[in-house]
Amino acid sequence: MLELYDGALDVPTILERWYAEEATSNYGAYIPFVGTVRAEDEIDGLSFDIYEPILNSWFNVWQTKAKEAGAVVKMAHSRGDVLLHESSYIAAVFSPKRRVALELIDTFVEDFKASAPIWKYDLRDGARIYAEDRSTPIKGSGLLKGDS
Amino acid sequence: MVRVEFLGPIQKEPLEMQATSLHEVSDTLSKDEEMKRWLESCAVAVNDTLVASLDTPLKSGDKVSLLPPVCGG
């Protein structure tokens, strides 16, 4: 399940709903990861662009991987502006036992940071500035720099 | 004609161009000074699937997307 929202996430509502959705699914572990915007470098908040077609196919691959491990992965992310101390990202894994969920949340979030087509901007003095120095080229980048 | 789209922070309008492979897209974009730095760091998708070879064939109506470095979360 992949959910995209305009603006900040309503974290308690989403976590509670996900919990309810799987309450009788016989999973022994529910491990959520919540990403919250911190006050640093005098930013007013963050802002996000998302390219949904590739995000959806990336997430579908992870759903399949999770299913093969007997688990379920859920994710919510913000589009647009998210202010200080608000949350822009939730990932969660449900699995029968804790070890699968602990390992899956780690590998899922790390691959999310490296591969999900989402772009982050700092909000500063009314401007929206690409967070280039904190961004990661997707695997295979540089293809078009070419052979000429 | 193929359509080339620039995602995220690349401030550039989509382009329509004649191309039968990504080699030609690379050649065309390499002539654009403002695009050179992005070509170093962008991943490429054809019809929303990431590709790994300049030999990827293109046909009329295909969509080529440039994806700059990402940072979700």
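Which strand order does the open sheet of five strands in chain B have? The tour below answers this after a short note on conventions.

Residues are numbered from 1 along each chain as its sequence is written, while chains are lettered from A and ligands numbered from 1 in the order in which they are written. The model is predicted: local features need pLDDT of at least 70, side-chain atom pairs count only at pLDDT 80 or more, and totals for chains, interfaces and linings use all residues.

**Stop 1: the sheet of chain B**

Select chain B and display the cartoon. The open sheet has the order β2-β1-β5-β3-β4, with mixed pairing. Strands here are DSSP runs of E with at least two residues, helices are runs of H or I with at least four residues, and both are numbered from the N terminus. Two strands pair if DSSP finds at least two bridges between them. At the edges are β2 (15-17) and β4 (49-50) of chain B, each of which pairs on one side only.

Next, select β5 (63-67) of chain B, where four of the five residues are buried. A residue is buried if 20 or more other C-beta atoms lie within 10 Å of its own, exposed if 12 or fewer, and partly exposed in between, with C-beta atoms placed from the backbone. Strand β1 (residues 2-6) of chain B pairs with β5(B) in the parallel sense over four bridges; along this pairing, B:F6 stands opposite B:L66. The pairing of β3(B) with β5(B) is antiparallel and also has four bridges, and there B:A45 is opposite B:S65. Moving on to β4(B), one finds two bridges to β3(B), again antiparallel, with B:V46 opposite B:T49.

**Stop 2: chain B as a whole**

Chain B has two helices and five strands, which follow the pattern β-β-α-α-β-β-β along the sequence. The radius of gyration of chain B, taken over C-alpha atoms, is 12 Å, close to the 11 Å that the globule rule (2.2 Å times the number of residues to the power 0.38) gives for 73 residues, so chain B is as compact as a globular protein of that length. Along its principal axes the C-alpha trace spans about 35 × 25 × 20 Å. Of the 73 residues in chain B, 38% are buried.

**Stop 3: helix α1 of chain B**

Select B:L22, B:V25 and B:L29, which are buried in α1(B). Seen down the helix axis, the buried residues fall within an arc of 50 degrees, so they line one face of the helix; the arc is that of the directions from the helix axis to the C-beta atoms. These buried residues pack against β1, β2, α2, β3 and β5 of chain B.

**Stop 4: the contact between the chains**

Display both chains. The contact takes 27 residues from chain B and 33 residues from chain A, where two residues are in contact if their C-beta atoms, placed from the backbone, lie within 7 Å. On the chain B side, the elements that give two or more residues are α1 (22-30), α2 (33-41) and β3 (43-46). The largest share, six residues, comes from α1(B).

**Stop 5**

Chain A contains three helices and seven strands, in the order β-α-β-β-α-β-β-α-β-β from the N terminus. The C-alpha atoms of chain A fill a box of roughly 50 × 45 × 25 Å along the principal axes. Buried residues make up 33% of the 148 residues. Among contacts in chain A with a separation of 6 or more, 74% are between residues 24 or more positions apart.

Leaving aside neighbours within four places in sequence, A:V73 is in contact with A:W62, A:Q63, A:A66, A:V93, A:L104 and A:F108.

**Stop 6: A:P32**

Finally, select A:P32 in strand β2 (residues 29-36) of chain A. Is A:P32 buried or partly exposed? A:P32 is partly exposed, because 17 other C-beta atoms lie within 10 Å. Not counting residues up to four places away in sequence, A:P32 touches A:L15, A:I90 and A:A92. The C-alpha atoms of A:P32 and A:V93 are separated by 6.5 Å, although the two are 61 residues apart along the chain.
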